[in-house]
Amino acid sequence: MFEVTVDYEKCQGDEECVGNCPSEVFDWDEENQKPIVARMDDCLGCETCVEVCEVGAITVEEV
Ligand code: SF4
């Protein structure tokens, strides 16, 4: 199991995590223009989201 956390203070809302996650873990919150960790149980722990986030807003931890 992995715990995916978005730091909304850092997040710039560029949607890279949403578009690049191979497991569709993120939904897009249109109202706030931020990603939502909607399907954490589907996370593969690949850290693609961590790599594509230019501001380092996402952390993935094995739990
Ligand atoms: S670690 Fe991989 S599978 Fe998990 S949320 Fe990030 S991109 Fe998706």
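My entries on these follow.

Ground rules: I'm working on a predicted model, where local features need pLDDT of at least 70, side-chain atom pairs count only at pLDDT 80 or more, and totals for chains, interfaces and linings use all residues. Numbering runs from 1 along each chain as its sequence is written, and side-chain values use heavy atoms, with hydrogens and water left out.

I looked up β2 (residues 26–29) and β3 (residues 34–37), and they pair in the antiparallel sense over four bridges. Strands here are DSSP E runs of at least two residues, numbered from the N terminus, and pairing takes at least two DSSP bridges. D29 has K34 in β3 as its bridge partner. Four residues lie between the strands of this hairpin, and Q33 in the turn shows a positive phi of about 55°.

Valine. I found V37 in strand β3. How exposed is V37? V37 is partly exposed at 23% relative accessible area (between 20%, under which is buried, and 50%, over which is exposed; 1.4 Å probe, protein chains only). V37 touches V4, V6, V25 and F26, leaving aside residues up to four places away in sequence; contact means heavy atoms within 4.5 Å. I also checked V37 against E24: their C-alpha atoms are 9.4 Å apart, at 13 residues along the chain.

Ligand. Which residues surround the ligand? I listed C21, P22, V25, F26, C43, L44, G45, C46, E47, T48, C49 and V60, counting a residue if one of its heavy atoms lies within 4 Å. By class, I get nine nonpolar, two polar and one charged in that shell, with Cys and Pro counted as nonpolar and Gly as polar.
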